[in-house]
Number of protein chains: 2
Amino acid sequence: MGRLTGGDPSLLRRINSAVVLDALRTAECATLTEITRLTGLSRPTVEGVVEGLIEAGLVVETAAEEGAARRQGRPARRFRFRAEAGHLLGLEIGPHRVAALLADLDGRYLGTAARDVAETAPADERLERLRATVADLLRRAGVARSSLRAVGVGTPGIVEEDGTVRLGTALPGWTGLQLGERLRRSFKCPVLVENDANAAAVAEHWKGAATASDDMVFVLAGLSPGAGSLIGGRLHRGFGGAAGEIGALHLLGREATPEALLSTTDEPLHPLDEQAVAEVFALARRGDERARAAVDRFIRRLVHDVAALVLALDPELVVIGGWAAGLDGVLEPLRRELARYCLRPPRVALSLLGEAVVPTGALRLALDHVEEQLFAVEGTVTARR
Amino acid sequence: MGRLTGGDPSLLRRINSAVVLDALRTAECATLTEITRLTGLSRPTVEGVVEGLIEAGLVVETAAEEGAARRQGRPARRFRFRAEAGHLLGLEIGPHRVAALLADLDGRYLGTAARDVAETAPADERLERLRATVADLLRRAGVARSSLRAVGVGTPGIVEEDGTVRLGTALPGWTGLQLGERLRRSFKCPVLVENDANAAAVAEHWKGAATASDDMVFVLAGLSPGAGSLIGGRLHRGFGGAAGEIGALHLLGREATPEALLSTTDEPLHPLDEQAVAEVFALARRGDERARAAVDRFIRRLVHDVAALVLALDPELVVIGGWAAGLDGVLEPLRRELARYCLRPPRVALSLLGEAVVPTGALRLALDHVEEQLFAVEGTVTARR
């Protein structure tokens with residue numbers, strides 16, 4: 001049974017700091033009087049808290065020239081949140097490239113970098129590539145590595161809470177890789193590893209096609225589609241972190257793989273060969289019959305996989321991303337078939353973030369982590385067994 | 001932005017009442033001193049709250065003979081929660097029968113009743129059947145209709161929040177029926193209408209095969225399977241209440257319907273003809289080749305539908321119920337195929353509640369509603385935009 005007890009003083013201090021910090025961040029710049037009004041805290045409490053935040057480097061008194069011109073007497077001191085007090089990275093480790101996005105504590109972008117990597121590259125080479133990309137980005141932005149407060153990472157596969165890749169067939173040497181631990185050696189701050197489609201869902205909800213929807217599915221459409229979903233605005237990872245791994249659906253009933261479906265010969269395409277796929281789609285556009293039939297088969301399969309997801313989850317919105325989203329004729333058949341077979345068809349939209357979607361989501365996860373520490377204090381009073 | 005403000009006195013009274021009530025319910029019977037100790041509230045507060053609860057009829061002083069024998073002086077007064085102060089109903093309205101389960105405010109069963117109804121019966125006849133079943137049950141149990149505090153209802157279809165059936169093809173006249181409103185005419189208390197598979201998921205979690213799992217899927221296996229799921233212990237209804245309606249999956253790709261799959265002739269079975277289905281399964285057991293092939297096709301489809309659900313949601317546990325769960329050879333192929341195709345296969349178990357599963361879940365929903373009013377007070381302090 002839950003117990004009701006009095007507040008504990010350190011929790012109270014933490015709540016007050018979080019409240020003041022949040023008020024300052026929202027107001028951008030405020031006087032002690034304004035903070036007192038915004039927070040409902042007493043003047044002495046606000047003074048004490050602001051003093052502590054200045055010592056911690058999170059708040060600074062704005063210089064006189066930043067404020068309004070002097071009018072009469074001494075102007076009230078003004079304070080602001082130091083978004084530059086720390087930095088965040090959003091990383092993507094994909095089959096063809098690694099990418100990094102750098103931001104301050106307000107989530108404002110300070111720079112981005114990406115490098116190609118061979119799909120056959122072993123894990124060490126891929127991680128080395130990532131390290132070089134990050135080092136380059138930090139140097140160009142003039143940000144010290146020690147200033148990083150959190151790093152988010154999006155990568156294919158089923159990822160466990162500690163950042164170990166439980167299963168990841170898309171990248172060589174990925175299954176079993178202790179990715180979180182490996183990256184924490186390079187970064188002294190928390191490293192949050194997430195499935196790439198999950199990170200993408202978070203990204204579209206933050207600043208993409210799903211800002212208005214808390215119940216959405218992001219489909220990373222490719223030869224082996226993956227998906228991430230938000231339920232009530234929260235990432236649904238599943239019990240074992242494997243939710244949305246619909247790529248395995250085509251294995252059921254021993255149906256043909258997407259690589260076979262998309263092939264115009266008797267040989268299936270290579271699972272990661274985007275070039276070959278693009279050629280099939282280009283041929284289809286030019287009217288080639290066999291290519292057209294292959295594209296039709298591929299789209300029908302994608303529709304089936306997405307429909308299965310929609311029937312299970314009943315989202316408000318489905319966002320389609322990944323390279324297949326850039327191909328002609330994916331969106332319309334999807335809309336049509338979902339409207340036909342789903343009892344309550346969702347809206348269907350294309351990703352607005354394109355290639356940036358995974359690092360953007362990874363960055364948001366890093367930002368969430370820092371915000372939880374700095375700004376959020378949640379307490380629940382429950383009287384229930 | 002969330003604001004921190006002082007407690008409001010009526011909320012405080014409500015919290016104190018909930019805490020005392022919950023303590024009394026847990027302890028079964030307690031003195032004022034014991035309640036004071038259990039709740040951490042002051043003696044005068046406890047006295048005032050208990051007085052109010054007695055006036056509301058929710059608490060009673062236990063008679064002297066109920067307590068321990070007198071020892072010396074006047075024994076301390078003892079109080080208990082009056083579980084008999086109100087009653088709850090859990091109802092099922094299905095294609096072949098209506099059923100009702102009656103309980104007190106502790107969720108203890110007081111009686112049950114069920115009647116067959118023709119699958120072709122129009123909505124009015126079905127509801128009349130339900131009313132007669134309930135009236136009979138209340139009379140036999142000696143419970144006045146006015147004593148009902150909440151009624152839960154489980155029924156096939158997509159159900160909206162107000163209890164309107166948005167889509168329900170399993171029962172004649174069900175689509176568009178304002179079921180909640182119709183039932184609220186018979187009952188003066190809150191009526192909560194829920195999809196039957198959703199209610200079943202809640203039931204298995206409460207007292208069935210899923211008491212140890214907060215992330216589970218219940219599959220109502222039949223010719224057109226439905227499913228309900230709990231995520232983190234909470235019912236996942238989906239954005240439009242249509243989550244888990246996997247019965248439509250077979251329509252995709254114009255595949256054969258289950259009725260056609262299970263037929264041993266060129267004619268499909270009738271969608272609701274359980275008798276014909278049972279015969280096919282019986283024939284298969286006796287070694288009939290065509291029946292065996294039909295059963296194999298049916299099970300393969302069920303496995304596919306369940307796998308789609310599992311890939312989308314990644315539950316810890318799948319509970320199989322509905323009539324198909326009673327048929328030989330459903331569980332093993334399901335386990336085998338899920339282990340083969342799911343990246344993280346869930347445990348698979350049979351329903352423990354059988355025919356009682358939907359009314360049991362409906363009762364739990366009614367109990368949740370009442371407990372929320374009586375026992376639960378949740379307050380959240382958040383400093384976050």
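**Strands, helices and a few side chains**

Let's start in chain B, with strand 11. Strand 11 of chain B pairs with strand 14 of chain B, residues 317–321, in the parallel sense, over five bridges. Keep in mind that this is a predicted model.

Find B:Phe218. Which residue is its bridge partner in strand 14 of chain B? The partner is B:Val319.

Now the other neighbour. Strand 11 of chain B also pairs with strand 12 of chain B, residues 226–231. That pairing is antiparallel, again over five bridges. Here B:Met216 stands opposite B:Leu230. How do the two strands connect? A hairpin of five residues joins strand 11 of chain B to strand 12 of chain B. As background, strands of a sheet pair through backbone hydrogen bonds, either parallel or antiparallel.

How many residues of strand 11 of chain B are buried? Five of its five, over residues 216–220. Look at the two sides in turn. B:Met216, B:Phe218 and B:Leu220 are buried on one side. B:Val217 and B:Val219 are buried on the other. Both faces of the strand are covered. In general, side chains in a regular strand alternate between the two faces of the sheet.

Over to chain A, and the whole sheet. This is an open sheet of five strands, in the order 13-12-11-14-15, with mixed pairing. Which strands stand at the edges? Strand 13, residues 234–235, and strand 15, residues 347–350, of chain A. Each has a single partner strand, so one side of each is left without a neighbour in the sheet.

Inside that sheet, strand 11 of chain A, residues 216–220, pairs with strand 12 of chain A, residues 226–231. The sense is antiparallel, over five bridges. A:Phe218 has A:Gly228 in strand 12 of chain A as its bridge partner.

Stay with A:Phe218 for a moment, and bring in A:His205. The two are 13 residues apart along the chain, and their C-alpha atoms are separated by 9.5 Å. A:His205 sits in helix 6 of chain A, residues 196–207. What does A:His205 touch beyond four places away in sequence? The contacts are A:Ala210, A:Thr211, A:Ser213, A:Asp214, A:Leu230 and A:Gly233. With A:Ser213 there is a polar pair: its backbone oxygen lies 3.3 Å from a polar atom of the A:His205 side chain.

Next, the nonpolar core. The largest one has 68 residues. Which residues have the most contacts inside it? A:Ile320 and B:Ile320. Setting aside neighbours within four places in sequence, A:Ile320 is in contact with a list of residues that includes A:Val219, A:Ala221, A:Leu331, A:Leu334, A:Val348 and A:Leu350. The general point is that in soluble globular proteins, nonpolar side chains tend to be buried together.

Some totals for chain A. Its secondary structure comes to 11 helices and 16 strands. Of its 385 residues, 53% count as buried. Take the contacts with a separation of 6 or more: residues 24 or more positions apart account for 64% of them.

Now a helix in chain B. Helix 3 of chain B runs over residues 43–55, which is 13 residues. From its first C-alpha to its last, the helix reaches 18 Å, close to the 18 Å expected at 1.5 Å a residue. Its buried residues are B:Val46, B:Val49, B:Val50 and B:Leu53. Why do they line one face? Seen down the axis of helix 3 of chain B, they fall within an arc of 100 degrees, so they line one face of the helix. The background is simple: an α-helix has 3.6 residues a turn, so residues three or four places apart point the same way. The face turned away from the buried side carries the exposed residues B:Pro44 and B:Glu55. After the helix comes B:Gly57, with a positive phi near 80 degrees.

B:Asn16 is in helix 1 of chain B, residues 9–27. Buried or exposed? B:Asn16 counts as buried, because its relative accessibility is 10% and the cut-off is under 20%. Beyond four places in sequence, B:Asn16 touches B:Leu41, B:Thr45 and B:Val49.

B:Asn195 is in strand 10 of chain B, residues 191–195. B:Asn195 is also buried, with a relative accessible area of 4%. Its side chain reaches the backbone nitrogen of B:Asn198 at 3.1 Å.

Definitions and conventions: Residues numbered from 1 in each chain as written. Chains lettered and ligands numbered in written order. Predicted model: local features only at pLDDT ≥ 70, side-chain atom pairs only at ≥ 80, totals over all residues. Heavy atoms only, no water. Helix = DSSP H or I, 4+ residues; strand = E, 2+ residues; numbered from the N terminus. Contact = heavy atoms within 4.5 Å. Polar contact = N/O pair within 3.5 Å; in protein donor to acceptor, adjacent residues only side chain to side chain. Buried < 20%, exposed > 50% of the residue type's maximum accessible area, 1.4 Å probe, protein only. Core = buried A, V, L, I, M, F, W, Y, C linked by side-chain atoms within 4.5 Å. Expected span 1.5 Å × (residues − 1). Arc of directions from axis to C-beta. Pairing = 2+ DSSP bridges.
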